[in-house]
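Okay, everyone, thanks for coming. Let me put the model up on the screen, and then I'll walk you through a few spots.

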Amino acid sequence: MPAPTPDRAGIEPPEGALYPSQILTRNLGTLRRLRGYRQDHVANRMMFLGHQWSRQTVGEVEQGRRNVTIDEIFSLALVLHTTI
């Protein structure tokens, strides 16, 4: 079972389905590793784009313990050279 998504009040999606935030969580870690980027690289690039991210922030997002904003999603797409 995926990590609990913050702010869902314990509500789970239907069996076999995931919330978009859970999909983002999985894809971020997978794509970061495929690109050969370390968490600190992603954090530094996010900082360059104006977000107050640390290596710990990247880890929290990848573990589903932190939600991301729309602006952060766009920046992550730039950092990871992918589409949203």
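T57 is buried, with a relative accessible area of 10%; buried means under 20%, exposed over 50%, and partly exposed in between, with a 1.4 Å probe and protein chains only. Before I go on: this is a predicted model, so local features need pLDDT of at least 70 and side-chain atom pairs count only at pLDDT 80 or more, while totals for chains, interfaces and linings use all residues. Residues are numbered from 1 along each chain as its sequence is written, and side-chain values use heavy atoms, with hydrogens and water left out.

Back to T57, which is found in helix α3. Helices here are DSSP runs of H or I, at least four residues, and strands are E runs of at least two, numbered from the N terminus. Which residues does T57 touch, leaving aside its neighbours within four places in sequence? Those are Q52 and R66, with contact meaning heavy atoms within 4.5 Å.

Now the helix itself. Six of the eight residues of α3, residues 55-62, are buried, so the rest of the structure largely encloses this helix. Besides T57, that buried list has V58, G59, E60, V61 and E62. And what covers them? The cover includes α1 (20-35) and α2 (39-48).

Let's look at α2 against α3. Their axes come within 7 Å and cross at roughly 105°. That makes α2 roughly perpendicular to α3, a label that goes to angles of 65 to 115 degrees; under 35 is roughly parallel, over 145 roughly antiparallel, and the rest oblique. For the record, axes are lines fitted to C-alpha atoms, for helices over the stretch in contact, and angles run from 0 to 180 degrees between N-to-C directions. On the α2 side you've got Q39, D40, V42 and A43, meeting R55, V58, G59 and E62 of α3.

Then the loop between α2 and α3, where L49 lies. L49 has 35% relative accessibility, so it counts as partly exposed. Together with F48 and L78, L49 makes a nonpolar surface patch of about 330 Å². Patches take residues with over 30% relative accessible area and no salt bridge, joining like charges within 9 Å and nonpolar side chains (Val, Leu, Ile, Met, Phe, Trp, Tyr) within 5 Å. A salt bridge is a Lys or Arg side-chain nitrogen within 4 Å of an Asp or Glu carboxyl oxygen, and areas are Shrake-Rupley with a 1.4 Å probe, where for residues only the protein chains shown count as cover.

Last stop, backbone angles. Just after α3, G64 takes a positive phi of about 75°. H81, in the segment after α4 (70-79), has a positive phi of about 55° although it is not a glycine. H81 is exposed, at 56% relative accessible area.
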